[in-house]
Amino acid sequence: MGTEAGRRCMVSPYEYSSINLVLMPYPFSGIEKKWREYWDKHETFRVVEDPSRQKLYVLVMFPYPSGAGLHVGHPEGYTATDIYCRFKRMRGYNVLHPMGWDAFGLPAERYAMQTGIHPSITTAENIATFKRQIKMLGLSYDWSREINTTDPTYYKWTQWIFLKIYDSWYDYRVQRARPISELIREFEQHGCSQIDCSLYCDDDHCCFIASGWTQMSRVEQHNVLAQFRLAYLAKMPVNWCPDLGTVLANEEVEEWVSKGYIVERRNMKQWMLRITAYAERLEQDLKDLDWPPGIVEMQRNWIGQSEGAEADFAIKNSSKVIRVFTTRPGTGAIMAVPGQDERDWEFAEVFNLPIVRTVRPPKHFKGKAYLGDGPAIDSDFLDGLHVEDAKKKMIEWLEKHGIGKRSINYKLRDWLFSRQRYWGEPFPLIYLEDGTVKALPERELPVLLPDSKSFKPSETGESPLATIDRWVNTIDPETGKPARRETHTMPQWAGSCWYYLRYLDPQNNKEFVARDKERYWMPIDLYVGGAEHAVLHLLYARFWHKVLYDLGYLTTKEPFRRLINQGTILGEDGQKMSKSRGNVVNPDDVVKEYGADSMRLFEMFMGPLTDSKPWSMRGVEGVYRFLNRVWRMMVAEDTGQLLSSIKDVPLTPEDERLLHQTIKKVTTDIETLNFNTAIAQMMIFVNEFLSRETKPRATMETFVLLLSPFAPHIAEELWEKLGHTQSLVYEPWPLYDEGKTAVDTVEMVVQVNGKVRTKFSVPINMDEELLKKKVLNDDSVKRHLDGKQIVKIVIVKNKLVSLVVK
RNA sequence: GCCGGGGUGGCGAAACUGGUAGACGCACAGGACUUAAAAUCCUGUUCUCCGCAAGGAGAGUGCCGGUUCGAUUCCGGUCCCCGGCACCA
């Protein structure tokens, strides 16, 4: 109630009731309900593969259904993709536009810890709320494809994909993942002789030949293979929060620490995914993506490719050498270059180590370490070379002398993939009595999350699942021997890593997606979502996608061809919306007061999609007034019937020009996602036509079609009043005639020494000599030429005449 | 500190490859309609100065400078704001 709108509502309810009685605004609430039901009943937006038509897959990042319900930030991306989809349908595309729920995660689990209410119940309730609110906006989703990451029929396949990752290794020789069974076959035939073991294994004494492999015990073989798998166990420091009794993801630490919780590091065995094997391809393939440059850059920085050298340093008084990477720690030893690195400089100062500059800083450089470019100094044969050239020459030298080589390093680390949580996907793994890990066979999936009343992890930091004995203790389905289940669960990213594939074939219980469906729909033509997922979600999803591609399940290298980040919607005060600031706007209130069409229209009219911009209830009223004018342009207020002034009459040339200009502007602006200016053009159109005594029926019909992607409910209603019996959703999009958008007179600007002195209207493409004559005879121009000499005349066709005088 | 994005009226914003800065909307002011108000419709609204007025002059797209007949747009410098990164996945 802290908002401007809230106060208005409280202060003068009279104002609003009187509006309702006297103004008679268009009856949006009945109209909107009617058309939502119509679309549902007719399954208007249901799509199936149709090879005869061009496909279009448009996706918006699916929400985490929180208890707070939708906020006005959600509909921004949803409306944008909806407009685009509705437009493309009318242009004949076969459009896939789905929605679902990313419903595993900590909030529901924390709520359960406090209240004892099972996360599945809260999740179901929250989804119901979200779905009601999203449906209320008239978004054209194919609801038959709705998915929910917490549904066993969904997470069965998340587990299945994990098994595929677990059962794969990265073959650097061919730069792709291969099934682990192929590695076993290779070991049986050649041992590890054809593989560069150093890429997989720290221990260079373990190399074996074929017979060595076959003579290994089962446990030994298991341990060798574990070094190769794309999913592996490692002892890792994790963020343990004793008060919450849970482990936190890195990205969550800051939030809880700021709330006063203590987070400590603890070493625990964790599942890791070998995303680093894909570092090079994740970096390389960015170049083919139509993504915002900023996001591409962020991914680049995250992957952090750097070229350097790996060199062996001799140790004084020892025959041993230390291997060091020049660009970052790796090997346990680092190379320190205090002259060119701030951290090394500080380190050297503290320990009184000598500091030698090897790059000459600019003359007046005052700082300590110099990080910029410059000629090398005190560097023997490198002196005088600039940094890049010196690097090259140095690496050549190292390689020539056999004490080092060029190496490419990455900042990217392997992905910590396990969480000690209840509300996540269980791993489809068991531990046998000999300590080995075993992947459950596919037919055992899904491994269901057990029902539980306790969601707290144990004191030791083990997952809540560890406390459920009847679930943990199981048997190996293949041998009947006792086994223990893995009690960790997967992170929330898991479900969102592949949801875009499940939409293609959500009911399939044989495969995660049928191949022909994948081939038809992929890749995603447009992906819209918040920039907060610029790195992690998008990187993790690309990684899984590439693994599945390597294993032959997918036909595209990259999932998201074009990406757009919608901007944040701020509160009316220009601050981030938050409960504590009291500036949160609830879409329910907006829709109730002004209707879903106004809500949609305002979200798009505020400004460019990708910008952050503040909410304004006054602004909502503005677009609401526009929709009322649209209504009055065609409907008689007293009877609710189509106006009798709408007739089959021809257009005047001026009106025809405006119509074609409007079609053109709206068409091109939707194509480029500039919805705000498309709406502005429609406003111009209505401002003109509202007062016409007669309105050509065909023109009104065209306008309704243009409006329909933005405000679909009112458009359907007007379409019906115009005499149509079918929904306009699949009507062909209006075409414009370029020739009819052209004007026959233009306003000519006359500048003298760069200053605008007069303007007049002239026929288009006027003869230049005639134009000059006209300009020089103009009184107000003459005044500024008084006594001066014309040096130069610049004529820009149909725009301006610029006189330079002395 | 590094990387990316951005600074335009009272506010949200427009402006195609350099060519009328401020479309469209909000807010505000005046008017019409009305007994009155609301709603609706019309007119005006970047700032400063001159003029009774029609009108005129000057300044203006964060700031300083450059290129150009002409710069919100291109170039150099500088300040501020937002997002990311700072060895952490």
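This is a predicted model: local features need pLDDT of at least 70, side-chain atom pairs count only at pLDDT 80 or more; totals for chains, interfaces and linings use all residues.
Residues are numbered from 1 along each chain as its sequence is written, and local features need pLDDT of at least 70. Side-chain values use heavy atoms, without hydrogens and water.

**View 1. Helix α4 is mostly covered.**
Helices here are DSSP runs (H or I, at least four residues), and strands are runs of E with at least two, numbered from the N terminus. α4 spans residues 74-90 and has 17 residues. From its first C-alpha to its last it reaches 25 Å, close to the 24 Å expected at 1.5 Å a residue (1.5 Å times one less than the number of residues). Of its 17 residues, 17 are buried (under 20% relative accessible area, with a 1.4 Å probe and protein chains only). Just after α4, look for G92, whose phi is positive at about 95 degrees.

**View 2. An open sheet is made of four strands.**
Follow the order β2-β1-β18-β19, with parallel pairing (two strands pair if DSSP finds at least two bridges between them). β2 (94-96) and β19 (563-566) stand at the edges with a single partner strand each, so one side of each has no neighbour in the sheet. Strand β1 (residues 55-60) joins β2 through three bridges, and Y57 has L96 in β2 as its bridge partner.

**View 3. I117 sits in a loop between two helices.**
The loop lies between α5 (106-115) and α6 (119-136).

Technical notes: Chains are lettered from A and ligands numbered from 1 in the order in which they are written. Buried means under 20% relative accessible area, exposed over 50%, partly exposed in between (1.4 Å probe, protein chains only).
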